[in-house]
Amino acid sequence: MGVNPSPPGRNARDATQRAGEVIELLEVLWERGRNAVPTAPVSPSQLRVMYCVDRDEGMNLRTLGEALGSAPSSVSRLCDRLEAIGFVERSPSPTSRRELELRLTRRGRAYLRNLRQQREEALFEILATMPSREREALLKGLKGFVSAAEGASSYPSSAVPTERTMRPA
């Protein structure tokens, strides 16, 4: 007689599957962007460290470890490597002599800026071909996704993009 409504969670499962496909495509685009940046490439783990430090300048190793869900020794080794290539610096905390603050160096910021620019250019080429209405719907959906991720307790808050780090389309 009537149309059977989709079972609860069906839309969420469909969206999850589609998001997975999009993420796979983005990984290909992201890797192209990494290969185009003219500086020593960093590992995906090191790149996550750089993103976290960029979002929360001056964070300490403990906070970074929590954001990454990694053991302190692993986080320290990642920072050692980034410091060795000149992308991250550690300095004493002004509030506690026992803690070190993490900051991106000028070279680290330049690397991220170039990487983001390459990736944004690749995305722009694709998004520019979408009809305006679909781009607007995508933007609205992405804002909703970020809002939901900020509210998810299992997602580290320092890994969630903020309005400062999200750039307008």
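This note goes through the predicted model point by point, from confidence to salt bridges and packing.

1. Basis. The model is predicted, with residues numbered from 1 along each chain as its sequence is written, and local features need pLDDT of at least 70. Side-chain atom pairs count only at pLDDT 80 or more, while totals for chains, interfaces and linings use all residues, and side-chain values use heavy atoms, with hydrogens and water left out.

2. Confidence. The mean pLDDT of the protein (the predictor's confidence in each residue, from 0 to 100) is 82, and 81% of the residues score at least 70. Among the elements, helix H1 (residues 10-36) has the lowest mean, 80, and strand E2 (residues 100-104) the highest, 94. Over residues 163-169 pLDDT stays under 50. For that stretch the model has 7 contacts beyond four places in sequence, a contact being heavy atoms within 4.5 Å. Where pLDDT is low, the predicted coordinates should not be read in detail.

3. Secondary structure. The protein has 6 helices and 2 strands. Helices (H or I, at least four residues) and strands (E, at least two) are DSSP runs, numbered from the N terminus. Along the sequence the pattern reads α-α-α-α-β-β-α-α.

4. Burial and surface. Of the 169 residues, 25% are buried. Buried means under 20% relative accessible area, exposed over 50%, and partly exposed in between (1.4 Å probe, protein chains only). The accessible surface comes to about 11,800 Å², and 54% of this surface belongs to carbon and sulfur atoms. Areas come from the Shrake-Rupley method with a 1.4 Å probe; for residues, only the protein chains shown count as cover. Among contacts with a separation of 6 or more, 55% are between residues 24 or more positions apart.

5. Salt bridges, count and network. The count is 9 salt bridges, each a side-chain nitrogen of Lys or Arg within 4 Å of a carboxyl oxygen of Asp or Glu. A network of salt bridges links Asp54, Glu57, Glu101, Arg103, Arg109 and Arg116.

6. Arginine 116 and aspartate 54. In this salt bridge the closest N and O atoms are 2.8 Å apart. The pair links distant parts of the chain, with arginine 116 in helix H5 (residues 106-127) and aspartate 54 in helix H2 (residues 44-55), 62 residues apart. Both arginine 116 and aspartate 54 are buried.

7. Arginine 90 and aspartate 80. The closest N and O atoms of this salt bridge lie 2.3 Å apart. Because arginine 90 is in strand E1 (residues 88-92) and aspartate 80 in helix H4 (residues 72-84), the pair ties together parts that are 10 residues apart in sequence. Aspartate 80 is partly exposed, at 38% relative accessible area.

8. Glutamate 21 and arginine 18. Here the salt bridge has its closest N and O atoms 2.6 Å apart. The two residues are 3 residues apart in helix H1, so about one helical turn separates them. Glutamate 21 is partly exposed at 34% relative accessibility, whereas arginine 18 is exposed at 54%.

9. Nonpolar core. A nonpolar core is a set of buried Ala, Val, Leu, Ile, Met, Phe, Trp, Tyr and Cys residues joined through side-chain atoms within 4.5 Å. The largest one has 21 residues, and Met50 and Leu64 have the most contacts inside it. H2, helix H3 (61-68), H4, E2 and H5 each supply at least two residues of this core. H2 gives the largest share, 6 residues. Beyond its neighbours within four places in sequence, methionine 50 is in contact with Val42, Leu82, Phe87, Leu104, Gly108, Tyr111 and Leu112.

10. Helix H3. Its buried residues are Leu64, Gly65 and Ala67. They lie on the same side of H3, because they cover an arc of only 160° around the axis; the arc is that of the directions from the helix axis to the C-beta atoms. The face of H3 turned away from the buried side carries the exposed residues Arg62 and Glu66. Cover for the buried residues of H3 includes H2, H4 and E2.

11. Valine 75. This residue lies in helix H4 and is buried, with a relative accessible area of 0%. Not counting residues up to four places away in sequence, valine 75 touches Leu61, Leu64, Gly65, Leu68 and Ser70. The C-alpha atoms of valine 75 and arginine 62, 13 residues apart along the chain, are separated by 8.6 Å.
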